[in-house]
Protein chains: 2
Amino acid sequence: MAVNYPTGKKTAQKTVNRANLGMTLESDIELTNQYYLEKNIAVIYKKPTPVQVVSVSYPARNKAKIVEAYYKTPSTTDFNGIYKGYYIDFDAKETKSKTSIPLKNIHAHQIEHLKRITDQGGIGFLIVYFQSYDEYYYLPFDVLYDHYLESLKGGRQSIPYTAFQDEGYPIKFGFNPRLDYLRVIDTFVIPGLKQSHYCFTNK
Amino acid sequence: MAVNYPTGKKTAQKTVNRANLGMTLESDIELTNQYYLEKNIAVIYKKPTPVQVVSVSYPARNKAKIVEAYYKTPSTTDFNGIYKGYYIDFDAKETKSKTSIPLKNIHAHQIEHLKRITDQGGIGFLIVYFQSYDEYYYLPFDVLYDHYLESLKGGRQSIPYTAFQDEGYPIKFGFNPRLDYLRVIDTFVIPGLKQSHYCFTNK
(Lines give C-alpha, C1' and ligand atoms only; values in the text may rest on other atoms or scores of the structure.)
Protein backbone atom coordinates (compact mmCIF):
# COMPACT_ATOMS: atom_id res chain seq x y z
CA MET A 1 0.00 0.00 0.00
CA ALA A 2 1.78 3.09 -1.23
CA VAL A 3 1.51 6.31 0.67
CA ASN A 4 1.33 9.70 -1.02
CA TYR A 5 4.08 11.62 0.62
CA PRO A 6 4.42 15.35 0.14
CA THR A 7 7.30 16.82 -1.81
CA GLY A 8 10.77 16.06 -0.58
CA LYS A 9 13.17 17.81 1.72
CA LYS A 10 16.60 18.99 0.77
CA THR A 11 19.77 18.10 2.57
CA ALA A 12 23.35 18.98 1.79
CA GLN A 13 23.89 15.61 0.19
CA LYS A 14 20.77 14.57 -1.56
CA THR A 15 17.26 15.53 -2.51
CA VAL A 16 14.75 13.21 -0.90
CA ASN A 17 11.61 13.06 -2.93
CA ARG A 18 9.48 10.67 -0.98
CA ALA A 19 6.79 10.39 -3.63
CA ASN A 20 9.36 9.15 -6.11
CA LEU A 21 10.89 6.73 -3.66
CA GLY A 22 7.45 5.20 -3.14
CA MET A 23 8.22 4.79 0.52
CA THR A 24 5.73 3.50 2.97
CA LEU A 25 5.52 3.87 6.71
CA GLU A 26 6.86 0.36 7.10
CA SER A 27 9.89 0.89 4.91
CA ASP A 28 10.62 4.22 6.63
CA ILE A 29 10.71 2.34 9.92
CA GLU A 30 12.88 -0.37 8.43
CA LEU A 31 15.35 2.26 7.18
CA THR A 32 15.33 3.81 10.65
CA ASN A 33 16.08 0.43 12.23
CA GLN A 34 18.86 -0.13 9.74
CA TYR A 35 20.36 3.22 10.77
CA TYR A 36 20.12 2.24 14.45
CA LEU A 37 21.78 -1.09 13.70
CA GLU A 38 24.65 0.40 11.67
CA LYS A 39 25.33 3.03 14.34
CA ASN A 40 25.18 0.43 17.13
CA ILE A 41 22.31 2.34 18.71
CA ALA A 42 19.76 -0.46 18.89
CA VAL A 43 18.95 -3.88 17.45
CA ILE A 44 15.36 -3.78 16.23
CA TYR A 45 13.93 -5.84 13.39
CA LYS A 46 10.66 -6.32 11.60
CA LYS A 47 9.46 -9.87 12.02
CA PRO A 48 8.87 -11.76 8.77
CA THR A 49 5.24 -12.05 7.69
CA PRO A 50 4.07 -15.50 8.76
CA VAL A 51 3.21 -17.80 5.88
CA GLN A 52 1.50 -21.19 5.99
CA VAL A 53 3.33 -23.33 3.47
CA VAL A 54 1.15 -26.05 1.92
CA SER A 55 3.22 -27.32 -0.97
CA VAL A 56 6.87 -27.15 -2.00
CA SER A 57 8.46 -28.37 -5.21
CA TYR A 58 12.14 -29.00 -5.95
CA PRO A 59 12.86 -27.83 -9.50
CA ALA A 60 16.58 -28.18 -8.78
CA ARG A 61 18.67 -29.94 -6.16
CA ASN A 62 18.64 -28.11 -2.84
CA LYS A 63 16.37 -25.45 -4.28
CA ALA A 64 12.99 -25.42 -2.61
CA LYS A 65 10.23 -23.57 -4.46
CA ILE A 66 7.07 -22.86 -2.48
CA VAL A 67 4.12 -23.39 -4.86
CA GLU A 68 1.21 -23.10 -2.47
CA ALA A 69 1.13 -20.98 0.65
CA TYR A 70 -1.14 -18.53 2.46
CA TYR A 71 -0.60 -15.52 4.64
CA LYS A 72 -1.34 -16.11 8.31
CA THR A 73 -2.53 -13.57 10.84
CA PRO A 74 0.44 -12.56 12.97
CA SER A 75 -0.04 -13.33 16.66
CA THR A 76 2.18 -10.48 17.77
CA THR A 77 3.32 -7.06 16.59
CA ASP A 78 5.58 -6.36 13.63
CA PHE A 79 8.66 -4.93 15.30
CA ASN A 80 10.75 -5.89 18.30
CA GLY A 81 14.27 -5.66 19.61
CA ILE A 82 16.53 -4.20 22.24
CA TYR A 83 17.68 -0.69 23.09
CA LYS A 84 19.96 0.08 26.06
CA GLY A 85 18.90 -3.16 27.70
CA TYR A 86 15.18 -2.46 27.24
CA TYR A 87 12.94 -4.79 25.32
CA ILE A 88 11.17 -2.75 22.62
CA ASP A 89 7.94 -3.89 20.93
CA PHE A 90 5.64 -1.98 18.61
CA ASP A 91 3.44 -1.90 15.60
CA ALA A 92 2.98 0.72 12.87
CA LYS A 93 -0.42 1.91 11.67
CA GLU A 94 -1.58 4.59 9.31
CA THR A 95 -4.87 6.30 8.64
CA LYS A 96 -6.33 8.68 6.08
CA SER A 97 -8.80 10.00 8.62
CA LYS A 98 -8.37 13.54 9.91
CA THR A 99 -10.16 12.87 13.16
CA SER A 100 -9.18 9.46 14.54
CA ILE A 101 -7.78 6.00 13.98
CA PRO A 102 -10.35 3.18 14.26
CA LEU A 103 -9.54 0.61 16.95
CA LYS A 104 -10.45 -2.14 14.50
CA ASN A 105 -7.14 -1.33 12.76
CA ILE A 106 -5.40 -2.72 15.83
CA HIS A 107 -6.08 -6.42 16.39
CA ALA A 108 -7.10 -7.56 19.87
CA HIS A 109 -4.24 -10.10 19.92
CA GLN A 110 -1.77 -7.29 19.24
CA ILE A 111 -3.14 -5.35 22.19
CA GLU A 112 -2.98 -8.45 24.40
CA HIS A 113 0.59 -9.04 23.25
CA LEU A 114 1.63 -5.46 24.06
CA LYS A 115 -0.09 -5.77 27.45
CA ARG A 116 2.01 -8.84 28.26
CA ILE A 117 5.15 -7.05 27.09
CA THR A 118 4.62 -3.99 29.26
CA ASP A 119 3.66 -6.21 32.22
CA GLN A 120 7.08 -7.87 31.82
CA GLY A 121 8.85 -4.50 31.92
CA GLY A 122 9.15 -3.95 28.17
CA ILE A 123 8.44 -0.76 26.24
CA GLY A 124 5.34 -1.16 24.07
CA PHE A 125 3.86 1.43 21.75
CA LEU A 126 2.38 2.25 18.36
CA ILE A 127 3.77 4.46 15.63
CA VAL A 128 0.79 6.06 13.90
CA TYR A 129 0.92 8.04 10.69
CA PHE A 130 -1.85 10.53 9.98
CA GLN A 131 -1.62 10.85 6.21
CA SER A 132 -3.91 13.88 6.03
CA TYR A 133 -1.57 15.90 8.23
CA ASP A 134 1.64 14.10 7.26
CA GLU A 135 2.26 13.65 10.96
CA TYR A 136 3.79 10.72 12.84
CA TYR A 137 3.08 9.97 16.47
CA TYR A 138 4.46 7.71 19.16
CA LEU A 139 1.51 6.43 21.18
CA PRO A 140 2.46 4.79 24.51
CA PHE A 141 0.77 1.47 25.12
CA ASP A 142 -1.08 2.65 28.23
CA VAL A 143 -2.88 5.35 26.21
CA LEU A 144 -3.85 2.76 23.59
CA TYR A 145 -4.99 0.39 26.33
CA ASP A 146 -7.22 2.99 28.02
CA HIS A 147 -9.00 3.63 24.74
CA TYR A 148 -9.26 -0.10 24.06
CA LEU A 149 -10.87 -0.79 27.46
CA GLU A 150 -13.23 2.12 26.88
CA SER A 151 -14.27 0.61 23.53
CA LEU A 152 -14.94 -2.77 25.14
CA LYS A 153 -17.37 -1.07 27.51
CA GLY A 154 -19.29 0.21 24.51
CA GLY A 155 -17.54 3.57 24.35
CA ARG A 156 -15.80 5.22 21.44
CA GLN A 157 -14.45 2.70 18.89
CA SER A 158 -11.53 4.84 17.76
CA ILE A 159 -8.66 6.85 19.17
CA PRO A 160 -9.21 10.54 18.41
CA TYR A 161 -6.50 12.62 16.76
CA THR A 162 -6.57 14.89 19.81
CA ALA A 163 -5.38 11.98 21.99
CA PHE A 164 -2.22 11.82 19.88
CA GLN A 165 -1.67 15.53 20.34
CA ASP A 166 -2.36 15.39 24.09
CA GLU A 167 -0.96 12.02 25.15
CA GLY A 168 1.25 10.95 22.25
CA TYR A 169 4.60 12.31 21.11
CA PRO A 170 5.30 13.63 17.63
CA ILE A 171 8.07 11.92 15.65
CA LYS A 172 9.72 14.24 13.14
CA PHE A 173 10.35 12.87 9.67
CA GLY A 174 14.00 13.26 8.73
CA PHE A 175 16.57 12.12 6.22
CA ASN A 176 18.55 9.71 8.35
CA PRO A 177 17.16 8.36 10.56
CA ARG A 178 13.77 8.73 8.93
CA LEU A 179 11.64 8.36 12.04
CA ASP A 180 13.73 8.76 15.16
CA TYR A 181 11.33 7.12 17.60
CA LEU A 182 14.11 6.23 20.04
CA ARG A 183 14.47 9.94 20.73
CA VAL A 184 10.95 9.86 22.19
CA ILE A 185 11.88 6.83 24.30
CA ASP A 186 15.02 8.55 25.58
CA THR A 187 13.31 11.83 26.37
CA PHE A 188 9.90 10.82 27.62
CA VAL A 189 9.67 7.10 28.27
CA ILE A 190 12.84 5.95 30.03
CA PRO A 191 12.83 8.75 32.63
CA GLY A 192 9.31 7.72 33.65
CA LEU A 193 9.93 3.99 33.94
CA LYS A 194 9.88 2.27 37.26
CA GLN A 195 12.90 0.28 38.33
CA SER A 196 12.80 -3.18 36.91
CA HIS A 197 13.10 -6.40 38.82
CA TYR A 198 16.53 -6.60 37.19
CA CYS A 199 17.97 -3.73 39.21
CA PHE A 200 16.78 -5.11 42.52
CA THR A 201 18.11 -8.61 41.98
CA ASN A 202 21.53 -7.17 41.28
CA LYS A 203 21.88 -5.13 44.47
CA MET B 1 13.57 -32.96 10.32
CA ALA B 2 12.26 -35.53 12.75
CA VAL B 3 14.33 -36.49 15.73
CA ASN B 4 14.44 -39.98 17.12
CA TYR B 5 13.61 -39.49 20.74
CA PRO B 6 13.98 -42.30 23.23
CA THR B 7 10.98 -43.87 24.85
CA GLY B 8 8.73 -41.64 26.87
CA LYS B 9 8.51 -40.70 30.49
CA LYS B 10 5.54 -41.29 32.73
CA THR B 11 3.78 -38.64 34.71
CA ALA B 12 0.73 -38.93 36.91
CA GLN B 13 -1.49 -37.63 34.15
CA LYS B 14 -0.21 -38.89 30.88
CA THR B 15 2.31 -41.05 29.16
CA VAL B 16 4.59 -38.97 26.98
CA ASN B 17 5.97 -41.05 24.17
CA ARG B 18 8.16 -38.63 22.33
CA ALA B 19 8.80 -40.97 19.41
CA ASN B 20 5.09 -41.17 18.73
CA LEU B 21 4.60 -37.44 19.08
CA GLY B 22 7.27 -36.92 16.41
CA MET B 23 8.51 -33.91 18.32
CA THR B 24 11.51 -31.95 17.29
CA LEU B 25 13.77 -29.67 19.26
CA GLU B 26 12.03 -26.67 17.75
CA SER B 27 8.54 -27.79 18.67
CA ASP B 28 9.69 -28.70 22.18
CA ILE B 29 10.92 -25.13 22.57
CA GLU B 30 7.69 -23.78 21.12
CA LEU B 31 5.68 -25.83 23.64
CA THR B 32 7.93 -24.50 26.39
CA ASN B 33 7.33 -20.92 25.25
CA GLN B 34 3.61 -21.57 25.12
CA TYR B 35 3.78 -22.77 28.73
CA TYR B 36 5.69 -19.64 29.73
CA LEU B 37 3.12 -17.47 27.96
CA GLU B 38 0.10 -19.16 29.52
CA LYS B 39 1.61 -18.96 32.99
CA ASN B 40 2.58 -15.30 32.51
CA ILE B 41 6.21 -16.21 33.06
CA ALA B 42 7.69 -14.81 29.86
CA VAL B 43 6.73 -13.68 26.36
CA ILE B 44 9.01 -15.48 23.92
CA TYR B 45 8.14 -16.39 20.33
CA LYS B 46 9.72 -18.10 17.39
CA LYS B 47 10.04 -15.69 14.50
CA PRO B 48 8.32 -16.80 11.30
CA THR B 49 10.61 -18.25 8.64
CA PRO B 50 11.27 -15.46 6.15
CA VAL B 51 9.86 -16.10 2.70
CA GLN B 52 10.47 -14.13 -0.49
CA VAL B 53 7.13 -13.97 -2.24
CA VAL B 54 7.40 -13.75 -6.02
CA SER B 55 3.87 -14.36 -7.22
CA VAL B 56 0.41 -14.28 -5.66
CA SER B 57 -2.90 -15.27 -7.22
CA TYR B 58 -6.42 -14.46 -6.06
CA PRO B 59 -8.61 -17.52 -6.60
CA ALA B 60 -11.33 -15.86 -4.52
CA ARG B 61 -12.05 -12.35 -3.32
CA ASN B 62 -9.78 -11.30 -0.46
CA LYS B 63 -8.06 -14.67 -0.55
CA ALA B 64 -4.43 -14.37 -1.51
CA LYS B 65 -2.74 -17.58 -2.60
CA ILE B 66 1.04 -17.48 -2.83
CA VAL B 67 2.03 -19.49 -5.92
CA GLU B 68 5.74 -18.76 -6.11
CA ALA B 69 7.98 -18.06 -3.16
CA TYR B 70 11.38 -19.04 -1.80
CA TYR B 71 12.86 -19.44 1.64
CA LYS B 72 15.27 -16.69 2.62
CA THR B 73 18.20 -16.97 4.99
CA PRO B 74 17.18 -15.45 8.32
CA SER B 75 19.35 -12.49 9.33
CA THR B 76 18.84 -13.10 13.02
CA THR B 77 18.13 -15.97 15.40
CA ASP B 78 14.89 -17.94 15.63
CA PHE B 79 13.65 -16.99 19.08
CA ASN B 80 13.33 -13.76 21.01
CA GLY B 81 11.24 -12.15 23.69
CA ILE B 82 11.16 -10.76 27.19
CA TYR B 83 11.56 -12.28 30.64
CA LYS B 84 11.49 -10.19 33.84
CA GLY B 85 12.43 -7.12 31.85
CA TYR B 86 15.35 -8.85 30.11
CA TYR B 87 15.57 -9.12 26.39
CA ILE B 88 16.08 -12.81 25.52
CA ASP B 89 17.50 -13.99 22.18
CA PHE B 90 18.60 -17.46 21.13
CA ASP B 91 18.79 -20.14 18.52
CA ALA B 92 18.34 -23.91 18.76
CA LYS B 93 20.75 -26.38 17.18
CA GLU B 94 21.08 -30.13 17.24
CA THR B 95 23.80 -32.56 16.34
CA LYS B 96 24.21 -36.31 15.94
CA SER B 97 27.89 -36.07 16.78
CA LYS B 98 29.10 -37.51 20.08
CA THR B 99 32.12 -35.24 20.25
CA SER B 100 31.22 -31.72 19.10
CA ILE B 101 28.93 -29.41 17.18
CA PRO B 102 30.47 -27.92 14.02
CA LEU B 103 30.62 -24.12 13.99
CA LYS B 104 29.36 -24.16 10.41
CA ASN B 105 25.97 -25.10 11.89
CA ILE B 106 25.85 -21.59 13.36
CA HIS B 107 25.80 -18.86 10.72
CA ALA B 108 28.18 -15.94 11.08
CA HIS B 109 25.27 -13.47 10.89
CA GLN B 110 23.61 -15.24 13.82
CA ILE B 111 26.78 -14.87 15.86
CA GLU B 112 27.05 -11.19 14.91
CA HIS B 113 23.42 -10.72 15.85
CA LEU B 114 23.90 -12.33 19.26
CA LYS B 115 27.01 -10.20 19.79
CA ARG B 116 24.99 -7.03 19.19
CA ILE B 117 22.27 -8.28 21.53
CA THR B 118 24.61 -9.00 24.42
CA ASP B 119 26.41 -5.68 23.83
CA GLN B 120 23.02 -3.99 24.31
CA GLY B 121 22.48 -5.78 27.62
CA GLY B 122 20.37 -8.66 26.33
CA ILE B 123 20.70 -12.34 27.20
CA GLY B 124 21.95 -14.33 24.21
CA PHE B 125 22.55 -18.07 24.06
CA LEU B 126 22.13 -21.32 22.18
CA ILE B 127 20.10 -24.37 23.11
CA VAL B 128 21.98 -27.38 21.76
CA TYR B 129 20.64 -30.91 21.62
CA PHE B 130 23.11 -33.79 21.51
CA GLN B 131 20.99 -36.54 20.01
CA SER B 132 23.49 -39.28 20.80
CA TYR B 133 23.28 -38.57 24.51
CA ASP B 134 19.70 -37.23 24.51
CA GLU B 135 21.07 -34.21 26.33
CA TYR B 136 20.13 -30.55 26.07
CA TYR B 137 22.46 -27.71 26.94
CA TYR B 138 22.22 -23.97 27.45
CA LEU B 139 25.38 -22.44 25.98
CA PRO B 140 25.98 -18.79 26.98
CA PHE B 141 26.84 -16.52 24.09
CA ASP B 142 30.30 -15.65 25.44
CA VAL B 143 31.35 -19.31 25.34
CA LEU B 144 30.10 -19.59 21.76
CA TYR B 145 31.89 -16.38 20.87
CA ASP B 146 35.23 -17.54 22.29
CA HIS B 147 35.08 -20.68 20.17
CA TYR B 148 34.01 -18.67 17.14
CA LEU B 149 36.95 -16.25 17.48
CA GLU B 150 39.28 -19.22 17.92
CA SER B 151 37.96 -20.76 14.69
CA LEU B 152 38.52 -17.51 12.79
CA LYS B 153 42.17 -17.64 13.84
CA GLY B 154 42.44 -21.06 12.23
CA GLY B 155 41.76 -23.02 15.39
CA ARG B 156 39.22 -25.72 16.02
CA GLN B 157 36.14 -25.43 13.76
CA SER B 158 33.70 -26.93 16.23
CA ILE B 159 32.62 -26.62 19.86
CA PRO B 160 33.57 -29.80 21.73
CA TYR B 161 31.02 -31.69 23.78
CA THR B 162 33.25 -31.15 26.81
CA ALA B 163 32.75 -27.35 26.52
CA PHE B 164 29.04 -27.94 27.04
CA GLN B 165 29.75 -29.99 30.13
CA ASP B 166 32.28 -27.50 31.48
CA GLU B 167 30.87 -24.12 30.45
CA GLY B 168 27.28 -24.86 29.48
CA TYR B 169 24.29 -25.73 31.64
CA PRO B 170 22.18 -28.85 31.21
CA ILE B 171 18.47 -28.37 30.55
CA LYS B 172 16.37 -31.26 31.78
CA PHE B 173 13.66 -32.57 29.49
CA GLY B 174 10.29 -32.59 31.24
CA PHE B 175 6.61 -32.90 30.58
CA ASN B 176 5.54 -29.30 31.05
CA PRO B 177 7.53 -27.21 30.46
CA ARG B 178 9.48 -29.43 28.09
CA LEU B 179 12.77 -27.56 28.23
CA ASP B 180 12.84 -25.15 31.15
CA TYR B 181 15.69 -22.96 29.93
CA LEU B 182 14.51 -19.97 32.00
CA ARG B 183 15.52 -21.93 35.09
CA VAL B 184 19.13 -21.75 33.85
CA ILE B 185 18.75 -18.01 33.30
CA ASP B 186 17.32 -17.52 36.79
CA THR B 187 19.92 -19.64 38.53
CA PHE B 188 23.11 -18.94 36.62
CA VAL B 189 22.73 -16.00 34.26
CA ILE B 190 20.82 -13.22 36.03
CA PRO B 191 22.92 -13.35 39.24
CA GLY B 192 26.05 -12.83 37.15
CA LEU B 193 24.79 -9.93 35.07
CA LYS B 194 26.17 -6.47 35.53
CA GLN B 195 23.77 -3.66 36.27
CA SER B 196 22.26 -2.33 33.11
CA HIS B 197 22.26 1.25 31.97
CA TYR B 198 18.57 1.10 32.86
CA CYS B 199 19.15 0.90 36.58
CA PHE B 200 21.56 3.82 36.63
CA THR B 201 19.33 6.15 34.66
CA ASN B 202 16.54 5.52 37.11
CA LYS B 203 18.46 6.37 40.27
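Predicted model: local features only at pLDDT ≥ 70, side-chain atom pairs only at ≥ 80, totals over all residues.
Colleague: Is B:Gln157 buried, partly exposed or exposed?

Modeller: Buried means under 20% relative accessible area and exposed means over 50%, with partly exposed in between. B:Gln157 has 46% relative accessibility, so this residue counts as partly exposed.

Colleague: Which residues does B:Gln157 touch, leaving out those up to four places away in sequence?

Modeller: B:Gln157 touches B:Pro102, B:Leu103, B:Lys104 and B:Ser151. Take B:Pro102 as a case: 55 residues separate B:Pro102 from B:Gln157 in sequence, yet their C-alpha atoms are 6.2 Å apart in space.

Colleague: What does the side chain of B:Gln157 reach at 2.7 Å?

Modeller: At that distance the side chain of B:Gln157 reaches the backbone oxygen of B:Gly155. The backbone oxygen of B:Ser151 also comes into the picture, lying 3.0 Å from a polar atom of the B:Gln157 side chain.

Colleague: Now a pair of strands. How many bridges join β4(B) to β5(B), and do they run parallel or antiparallel?

Modeller: β4(B) and β5(B) are antiparallel and joined by seven bridges. One of the pairings puts B:Ser55 with B:Glu68 in β5(B) as its bridge partner. The two strands form a hairpin with two residues between them. In that turn, B:Asn62 has a positive phi of about 60°.

Colleague: Which strand of chain A is joined to β5(B)?

Modeller: Strand β5 (residues 63-71) of chain A is joined to β5(B) by four bridges, and the two run antiparallel. Within β5(B), B:Ala69 is the residue that stands opposite A:Ile66.

Colleague: That takes us to the interface. How is its size given?

Modeller: The size of an interface is often given as the accessible area lost when the parts come together. Here chain B and chain A bury about 4400 Å² between them, and 61% of it is on carbon and sulfur atoms. Counted by residues, 50 of chain B are in contact with 50 of chain A.

Colleague: How many salt bridges and how many polar pairs does the rule find across the interface of chain B and chain A?

Modeller: The rule finds zero salt bridges between chain B and chain A. For polar contact, it finds nine residue pairs across this interface, with both residues at pLDDT 80 or more.

Colleague: Which elements of chain B supply at least two residues each to the side that touches chain A?

Modeller: They are β3 (43-46), β4 (51-60), β5 (63-71), β6 (79-83), β7 (86-95), α3 (108-119) and α7 (197-201) of chain B. β5(B) gives the most, with nine residues. Sorted by class, this side of chain B has 26 nonpolar, 16 polar and eight charged residues.

Colleague: And chain A by itself: how many helices and strands are there?

Modeller: Chain A has seven helices and twelve strands. Its 203 residues include 48% that count as buried. Among contacts in chain A with a separation of 6 or more, 61% are between residues 24 or more positions apart.

Colleague: Where does A:Asp28 lie, and is this residue buried or exposed?

Modeller: A:Asp28 lies in helix α2 (residues 25-38) of chain A. Its relative accessibility is 0%, so A:Asp28 counts as buried. The side chain of A:Asp28 makes a polar contact of 3.0 Å with the side chain of A:Arg178.

Technical notes:
Residues numbered from 1 in each chain as written. Chains lettered and ligands numbered in written order. Heavy atoms only, no water. Contact = heavy atoms within 4.5 Å. Buried area = accessible area lost by both parts, 1.4 Å probe. Salt bridge = Lys/Arg side-chain N within 4 Å of Asp/Glu carboxyl O. Polar contact = N/O pair within 3.5 Å; in protein donor to acceptor, adjacent residues only side chain to side chain. Nonpolar A, V, L, I, M, F, W, Y, C, P; charged D, E, K, R; others polar. Pairing = 2+ DSSP bridges. Buried < 20%, exposed > 50% of the residue type's maximum accessible area, 1.4 Å probe, protein only.
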